[in-house]
Amino acid sequence: MLAVAVMTATTATASAQPTAVPLAPAPTVLRTWSAPAIATVATPRVSRLSGSDRYATSVAASRAAFATGTHPPVVYLVSGTSPWQALSATPAAVHQGGGVLMSRPDGIPAVVAAELTRLAPASIVLVGPASDMSATVLDQAKRYAPDVRRIGATNRYTTAHALVRHSFAKGSGGQGWLATGQNWVDGIAAGTAAASHRAPLLTIDGRASALPSATITLIRTLKLTSMTIVGGPTSVSSGIQAQLTTLLGAGKVTRAAGADRYATASRVNQLARPALTAGPAYVASGRDFVNALAGSFLAGRTKRPLFYSQPFCVPGSVRPTLRSAAVTKVVLLGGEGSIRSLVGTLEPCRSIDAPSSTWVLVNKKNQLSPKTYVPAHLVTPAVTYPNGQRLRSDAAAAVARMFAAAKAEGAGRMSITSGYRSYSTQSYLYSRRVSTNGRAYADKWVARPGFSEHQSGLTLDVAAVGASRCSTFTCFGSTPQGAWLRKNAWRFGFVLRYEKGYTPVTGYSSEPWHIRFVGTPLSGAYHRGGWHTLEQFLAEPAAPTY
């Protein structure tokens, strides 16, 4: 916020990074996590599978699966804009020894066309009706294979059934996997597991109380002897589970479910690979179907697990396996805009809601709870010019190290003009600014009480000491101290919270003197990824207004 010197300790009373668009909303519970202590077993290597866009990412997966000179018998073309028709395509393709590539509905992208040329498959299967894969795609596909056909029925469920009938022989028997077609998260996890077992995935409307007759007929035709349901009763009803038990027999139906999408995918992996041997694990954002779908094919083909993570951290239900000796490499699916490098370091998730968390997100859409929150362990930083300001002890220690480094590296000295502010102090400062300049002006420079990062004890405003031609905070950005801070604050666990050009995201005018402590793991990933706002890094909505 606008730098305000509070000289005595107050008592308690450019362009944004790309973000993936989810097709299924993340449940509210995903905003707050607990991270259990887990002993390190192994330190896996990290790599990233990505392309310039979703189509190039699917090509990257295909190139990883098929060496040059290898010609798969079939390639399934699925929509890059909707996962619903494609959920059963991965196990179908893997069962046949084939590949999966994404296409636009109106035409095959050039990068995909080049991969089809390289693969030279004997057959291409378009998945979905003409609304998902147009006649243009069908005509273009004929350039790359002698046999091209469409499998696309009236809806996602009949399409899935048709895929299974096409790729799996009658009476093949064995295990089947079942998931709702309403939830891509469960469907992709189930499809990966099914592909690992070279088994079919049946997708149904899990909200129904009973299976449709077509699904029952398909189960009998394939002579399936067991079924794993992916998702809890809200995804696939208890009625369907009971019906499957009657159909297949007691002990033949298993449900893989967890408290959230991350725990569910972990449970699917445990059931699919109970004795996981050493090798890679694939990790995709649980909010982005595109990269998860591309990785699902590669994971299923190589019989390796696919996990979901938050875009910026690894949930507690996922970390134990990723840190085990069975995982020698973590493959991040997608670019930095989808899944941050912080996931590759297996950084545990912290709450972005709890005011005591170093990752708490405080902005015009997210107030502190309670609004009058007072942080524990407030101390005066051990710096030359604290000006009576206090910070949380962890932030204060980091400030002392940072100020000392700035001086030692020739940037000069800095002072603290504002640190922790109580609710009452923030209320006074905001009201004074409103009375002086009006509410519209005030809202660009000073947070309303309960919405200020300063109340967390993790934020401070700094000033240059002895800077020539700069006697006020407004020119701080042009001082040696300001330039050093822009380049080096991340080394000490801080981010510049309100950068120039990002007012539409943060809601505040540029403040090069306003820095926020988040800890070095997050600040390092933030810096390396070229991020400019916490909102974007944490994959949260912009907050330009209250």
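I note here that the model is a predicted one. I then searched the whole structure for aromatic pairs, and the search gave 12.

I placed Tyr498 in strand E17 (residues 494-498), and Tyr508 in the loop between helix H17 (503-506) and strand E18 (511-517). The two residues are 10 residues apart in the chain.

Are these two tyrosines buried or exposed? Tyr498 has 2% relative accessibility and therefore counts as buried, the cut-off being under 20%. Tyr508, at 1% relative accessibility, counts as buried too.

Next I turned to helices H1 and H3. I noted that two packed helices are described by the angle between their axes and the distance between the axes. For H1 (residues 54-65) and H3 (residues 110-119), the axes come within 9 Å and cross at roughly 20 degrees. Angles under 35 degrees count as roughly parallel, and H1 and H3 are therefore roughly parallel to each other. I recorded their crossing as left-handed.

Which residues of H1 meet H3? I listed Tyr55, Ala56, Val59, Ser62 and Arg63 on the H1 side. On the H3 side I listed Val111, Val112, Glu115, Arg118 and Leu119. Sorted by class, the contact of H1 with H3 holds six nonpolar, one polar and three charged residues.

Last, I checked the backbone. I kept in mind that most residues other than glycine have a negative phi, and most peptide bonds are trans.

I found a cis peptide bond from Ser369 to Pro370, with omega near 5 degrees. Pro370 sits in the loop between helix H12 (341-344) and strand E13 (378-379).

I also looked up Arg198, which is not a glycine but has a positive phi of about 55 degrees. Arg198 is in the loop between helix H6 (184-196) and strand E7 (201-204). Its relative accessible area is 29%, so I marked Arg198 as partly exposed.

Ala539, likewise not a glycine, has a positive phi of about 55 degrees. I located Ala539 in the segment after helix H19 (534-537). With a relative accessible area of 27%, Ala539 is partly exposed.

Notes
Residues numbered from 1 in each chain as written. Predicted model: local features only at pLDDT ≥ 70, side-chain atom pairs only at ≥ 80, totals over all residues. Heavy atoms only, no water. Axes fitted to C-alpha atoms, helices over the stretch in contact; angles between N-to-C directions. Helix = DSSP H or I, 4+ residues; strand = E, 2+ residues; numbered from the N terminus. Parallel < 35°, antiparallel > 145°, perpendicular 65-115°, else oblique. Left-handed = near helix turned anticlockwise from the far one by under 90°. Contact = heavy atoms within 4.5 Å. Nonpolar A, V, L, I, M, F, W, Y, C, P; charged D, E, K, R; others polar. Phe/Tyr/Trp six-rings, centres within 6.5 Å; stacked < 30°, edge-to-face > 60°. Buried < 20%, exposed > 50% of the residue type's maximum accessible area, 1.4 Å probe, protein only.
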